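Please open the model in your viewer and keep the sequence beside it, so that each selection can be followed in both. The tour moves from one selection to the next and says what is found at each stop.

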Amino acid sequence: MAVFVLDKQKKPLMPCTEKRARLLLERGRAVVVRLAPFTLRLKDRLGGALQPLRLKLDPGSRVTGLALVRESETGDADTGAVERLEHGLWFGELAHRGQAIREALTLRRHYRRARRSRKTRYRAPRFLNRL
């Protein structure tokens, strides 16, 4: 997966590989800005060339998939056909809270039913236990 990179003024640059990120950190040319997603800030770079990127979404009922892809086009001069290539740089998942809320409500319902069905109805009353 790619590592996000910022320049000296915190402007985004093209993502780099994990190996290059390790080398930048070892040589003291970069500092960690954020852990999730892992982002570096270069100490000695201002601006840079950017390539076209696209964020793709895959919506689901429980999780939404995210993909950051770099697009490139290659053309065949003889046939005139254009071939589009997509190179995945970063992938992530966004978990929806709907399932967690549903599970919390189910657990609350179970606790309530357990309280109602507890065998305490004809129990002898407690006495002299409130001092």
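This is a predicted model: local features need pLDDT of at least 70, side-chain atom pairs count only at pLDDT 80 or more; totals for chains, interfaces and linings use all residues.

**Salt bridges**

How many salt bridges does the structure hold? There are four, and three of them are visited here.

Select Arg-54 and Glu-71 to begin with, whose closest N and O atoms are 3.1 Å apart in a salt bridge. Because Arg-54 belongs to strand β4 (residues 53–58) and Glu-71 to strand β5, the pair ties together parts that lie 17 residues apart in sequence. Arg-54 is partly exposed, at 42% relative accessibility, and Glu-71 is also partly exposed, with a relative accessible area of 25%.

Next, select Lys-56 and Glu-86, where the two side chains form a salt bridge with an N to O distance of 2.9 Å. Here strand β4, which carries Lys-56, is linked with strand β6 (residues 82–95), which carries Glu-86, across 30 residues. Lys-56 counts as partly exposed at 31% relative accessibility, as does Glu-86 at 46%.

Then move to Arg-84 and Glu-73, a salt bridge in which the closest N and O atoms are 3.0 Å apart. Arg-84 lies in strand β6 and Glu-73 in strand β5, 11 residues apart, and the pair links these distant parts of the chain. Both Arg-84 and Glu-73 are exposed.

**Two threonines**

Is Thr-64 buried or exposed? Select this residue in strand β5 (residues 63–75): Thr-64 counts as buried, because its relative accessibility is 13% and buried means under 20%. Its side chain makes a polar contact of 2.6 Å with the side chain of His-96.

Now select Thr-39, which has its place in strand β3 and is buried, with a relative accessible area of 9%. The side chain of Thr-39 reaches the backbone oxygen of Pro-37 at 2.9 Å.

**Surface patches**

Turn next to Leu-25, Val-32, Leu-35 and Phe-38, which together make a nonpolar surface patch of about 350 Å². Within this group, Leu-35 sits in the loop between β2 (30–34) and β3 (39–42), and at 68% relative accessibility Leu-35 counts as exposed.

For the last stop, select Arg-62, Arg-102, Arg-108, Arg-109, Arg-112, Arg-113, Arg-115, Arg-116 and Arg-118, which form a positive surface patch. One of them, Arg-102, is found in helix α2 (residues 98–116) and is exposed, with a relative accessible area of 54%.

Note on methods:
Residues are numbered from 1 along each chain as its sequence is written. Side-chain values use heavy atoms; hydrogens and water are left out. Patches are made of residues with over 30% relative accessible area and no salt bridge: like charges are joined within 9 Å, nonpolar side chains (Val, Leu, Ile, Met, Phe, Trp, Tyr) within 5 Å. Accessible areas come from the Shrake-Rupley method with a 1.4 Å probe; for residues, only the protein chains shown count as cover. Lys and Arg count as positive and Asp and Glu as negative; His and the chain ends are not counted. The place of a charge is taken as NZ of Lys, CZ of Arg, CG of Asp or CD of Glu. Helices (H or I, at least four residues) and strands (E, at least two) are DSSP runs, numbered from the N terminus. Buried means under 20% relative accessible area, exposed over 50%, partly exposed in between (1.4 Å probe, protein chains only). A polar contact is a pair of N or O atoms within 3.5 Å; within protein, one must be able to donate a hydrogen and the other to accept it, and residues adjacent in sequence count only if both atoms are side-chain atoms.
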